[in-house]
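This report describes one protein model, from its overall form to single residues.

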Amino acid sequence: MPRPLPEHPDLAHLKRQAKALRDAARADDPAALARITAHVPLRQGQPVALSAAQWTLAREYGYSSWPAMKADVAERAMSFDARVAAFVTAKIGRASCRERV
C-alpha cells in the first residue's frame, strides 16, 4: 500500500529524498537497493541513476511516475487565490478568443 504524501508536500524535499536514496543505493545500502529494485530493474555494474530513485519514490507514494507526482505536488502548493486567478485568467483568455472569431 502506498504511503501518503505529507499534507503540504515540498518538491525540493522530495528531490533531496530521491538524491539520498540514489546515494545510498550507490553506496550498496541493501535497504536502498531493495527499495529501488522493487520498482526498477537495475543493470549489473551500472551506477544507480537519479531517475531510478525518483521513479521509486513516486511509486512508493502511489503515483505512476515522477512527473505525475511533481504535477500533483505543484497543484497542491498553489494557494486558493492563485487557483482562482488561474481559473479567471483561463476563462478570460478563452472568452477573448471566442470574441475575435
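A residue counts as buried when its relative accessible area is under 20%, as exposed when that area is over 50%, and as partly exposed in between. The model is a predicted one.

**Overall form**

The protein contains 5 helices and 0 strands. Read from the N terminus, its elements follow the order α-α-α-α-α. The radius of gyration is 19 Å, well over the 13 Å that the globule rule gives for 101 residues, so the protein is more spread out than a compact globule. Along the principal axes, the C-alpha trace spans about 60 × 30 × 25 Å.

**The largest pocket**

The largest pocket holds about 250 Å³ of space. It is lined by 15 residues, of which Leu 42, Arg 43, Gln 46, Pro 47 and Val 48 are the closest to its centre. Helix 1 (11-26) and helix 3 (50-60) are the elements that contribute two or more residues to this lining.

| Residue | Loop | Relative accessibility |
|---|---|---|
| Asp 28 | between helix 1 and helix 2 (30-37) | 59% |
| Ser 79 | between helix 4 (66-77) and helix 5 (80-100) | 39% |

Is Asp 28 buried or exposed? With a relative accessibility of 59%, Asp 28 counts as exposed, because this value is over the 50% cut-off. The backbone of Asp 28 also deserves attention: its phi is positive, about 65 degrees, although the residue is not a glycine.

Ser 79 has a relative accessible area of 39% and is therefore partly exposed. How far apart in space are Ser 79 and Gln 46, C-alpha to C-alpha? The two residues are 42 Å apart in space, and 33 residues apart in sequence. Gln 46 is one of the residues closest to the centre of the largest pocket.

**Rings and charges**

A pair of aromatic rings is described by the distance of the centres and the angle of the planes. In this structure there are 0 aromatic pairs. An aromatic ring does, however, take part in a contact with a charge: the charged end of Arg 3 sits over the ring of Tyr 61, at 4.4 Å from the centre of that ring.

Notes:
Residues numbered from 1 in each chain as written. Predicted model: local features only at pLDDT ≥ 70, side-chain atom pairs only at ≥ 80, totals over all residues. Heavy atoms only, no water. 1 Å grid on protein atoms, 1.4 Å probe; cavity = no way out; pocket = protein on both sides within 12 Å on 5 of 7 lines; lining within 4 Å. Points joined across faces, edges and corners; volume = space filled by probe spheres on them. Helix = DSSP H or I, 4+ residues; strand = E, 2+ residues; numbered from the N terminus. Buried < 20%, exposed > 50% of the residue type's maximum accessible area, 1.4 Å probe, protein only. Phe/Tyr/Trp six-rings, centres within 6.5 Å; stacked < 30°, edge-to-face > 60°. Lys NZ or Arg CZ within 6 Å of the ring centre and 35° of its normal. Rg over C-alpha atoms; globule rule 2.2 N^0.38 Å.
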